[in-house]
Amino acid sequence: MGILENLIVFPRDFDRFKEQIGKKTLNLKQLVDLDYRVPGYLAIPSSVCTRIFQDSGKILLDQICRQIREEAPYSLYAVRSSALIEDSSEKSLAGQFHTEIEVAPDQLASAIMTVLKQAHHFLDGQLGQFSILIQQYIIPDYAGVAFTRDPLGNREIVLEYHRGRGEELVSGKIKPERLKFLPGNVPAVSALPDLKNIARKFREIEKHFGFAQDIEWCLKNGTWYFLQTRPVTTISVSQYEQCLYLDQILPAGENYYYEKTEISEIAPAPTPFTWSLLEKIYAPNGPVSQVYQKYGVHYAGKSFLLKIGNELLVDRERELANYLPSYSYFSGKQLQPRLARLSGIFKTIGNILALNRISLQNDTLSKTIKEALEQPAEKSPDFTELLQLFMNNYQLIFEANLLADKALKNLTLAVKNEPIGIADLLGARPPFNYEPPPVPVLPDSSWTGNALEIANEENFTVFSPAIHGSKTVDSWWRDLPAWKQTWLKPVISQALYFTKIREYGRWLTVKGINQLRREILEQARQAGFKTPRDAYFAEIEELLTGNFSEKNCRPRKIIFEKQSQFHFPSRLTNICHEEKKQLQGVSAGVAGGQLVTLDQLDAPGDKILYTKTLTPDLTAYFDQIKGIVSEEGGLLSHLAIMARENKLPVIVGFSLSDSKIKIGDRLRIDGNTGTISNG
């Protein structure tokens, strides 16, 4: 072929020209080597692209096109960019270069020049950074893209496709069909044959390239063709490592539904000591079991807490089996509990009746919690005695949580059709005479931490009860008929009362944790710990049996610190479901400011804090922010309770990944209505 042999390069010669051929083209060669079906292709190297553009007589271009037609005689061609700076792990430059499709053989020269002219302009004349991919063009039945990992950083494969040409899809001109699934739970889609096998191939491609891939594909007469693959640039290395970690740790071949709930808020990343404490709290005959027994609920005490990485999640199916064994989250499409089996039906019915019979006429709980809070610490109790005291007090804490939850559900149902928000009602002085529970006088002002986690040594935060009125609430109340006021008054009073008792339960938790912390640190010092706080990585049984050493604690601390990079989604499941997050105001008020994360609080101006979970330790930042938006949380979150008392607006159910809002945007949030807007 003489001088022409280097004008176009076929896959067999790519190794000799790899410095002049972009990754898009080189990646196709790897797909072919892996035995995946790829339409025929060849490359025009960067040195030749420069010569073509400089050849005003176009003699060279004519020679190239003639050779393409002879060596790769396709009925239609696609002329695509394959820039040397394109499809890197940092940036893809997707859509920045021009593509010509359905090019007839006699139109090759015109198509190549069109692509080169656009690249010359985009690259400021630096065509030495640009090569061209000439590919057989297949008119597809379906075309689409597959992300081997959700571009938002989650584990699932995301598939977007439509009937017709792929260019319409990637250009954003049409709204595609969208699927999101894990390889072990692939949906059946008639338009996409053999999807289960293809999903496996997507992950094989990812494994080969060592990172999440963005794969373009098309379907013709039931055959899948792979058109290109490149890294998903929106996923960080740590996010990808997290995906791989979850692939290894989560069950294969069985349904699961794990979630961060209100339990997660009190210890989002439990150290080994806190984890072993949680296991005792929820164990058979533990504090939770004792409270359920008091109210006639048969609680099985099956372990449903999970620690994945460092983070605390709840196995919702096992949790449900503890008291509603006939129900399952897996019997419908929405991951809602439904009747699924007859076994255990009598226990299920009995527990439903018992839960509904729980009375909120409880005059002793607030008094008992107040007395426990005001009780001075004993002189020198040992660890065993302190642990037993904590477990006894946690019965009061959990009972307060149980009654607050019931009171809130009653209020939510009662005002369901009223033009008033729950956050308004809970965050303002009631429009009638109301007797709140007495405020405990704390015997110790040196407490640290705000919840169950023993390693949390933030300043302990309390706020005075809400005393501000609300024009919205007062106006709504005045317009109600007298009979409805009479009916609603006890419902509102109970919600306010037990919400406050729940907050005092948090204080009692902090008191117990401080007593345990002091004893553990003292034991660590006596045991010769170089770093006494390493004792937070001991387990309770080690402290009870005397098998307590820094040698055991230190490796756990190292693992814990290593896994601190992981921040898992609030919900982990292999079930394909439609998850619709709904914004909810949990603390009333209106605020504006720039949306920031915790590490950006030093930025000037008013700030709205974005967080994934409402945790009590966020109270430390109240004086630096105007409001909070969170992915997870509820009206009974301790943080929400404290925010209402501090008149700080809070909205939950906000997903940054599903929104057009970005960190750094200026927002206006309304905790009364649960609305978020730019501006």
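In the predicted model, Phe 147 stands opposite Asp 214 in E8. Strand E5 (residues 142-147) and strand E8 (residues 213-220) run antiparallel and are joined by 6 bridges; two strands are taken to pair if DSSP finds at least two bridges between them. Strands (E, at least two residues) and helices (H or I, at least four) are DSSP runs, numbered from the N terminus.

The open sheet consists of 5 strands in the order E7-E6-E5-E8-E9, with antiparallel pairing. Strand E7 (177-181) and strand E9 (223-231) each have a single partner strand and stand at the edges, so one side of each lacks a neighbour in the sheet. On average, neighbouring strands of this sheet are turned by 20° against each other, direction ignored. Helix H7 (residues 195-209) packs on the sheet and touches E5, strand E6 (157-163), E7, E8 and E9, contact meaning heavy atoms within 4.5 Å. The direction of H7 makes about 30° with that of E9.

A helix pair was also examined. Helix H3 (residues 46-54) packs against helix H4 (residues 59-71) at an angle of about 130°, their axes lying 7 Å apart. H3 is therefore oblique to H4, the class left after roughly parallel (under 35 degrees), roughly antiparallel (over 145) and roughly perpendicular (65 to 115). Axes are lines fitted to C-alpha atoms, for helices over the stretch in contact, and angles between N-to-C directions run from 0 to 180 degrees. Val 48, Arg 51 and Ile 52 of H3 make the contact with Leu 60, Leu 61 and Ile 64 of H4.

Residues are numbered from 1 along each chain as its sequence is written, and side-chain values use heavy atoms, with hydrogens and water left out. Because the model is predicted, local features need pLDDT of at least 70 and side-chain atom pairs count only at pLDDT 80 or more, whereas totals for chains, interfaces and linings use all residues.
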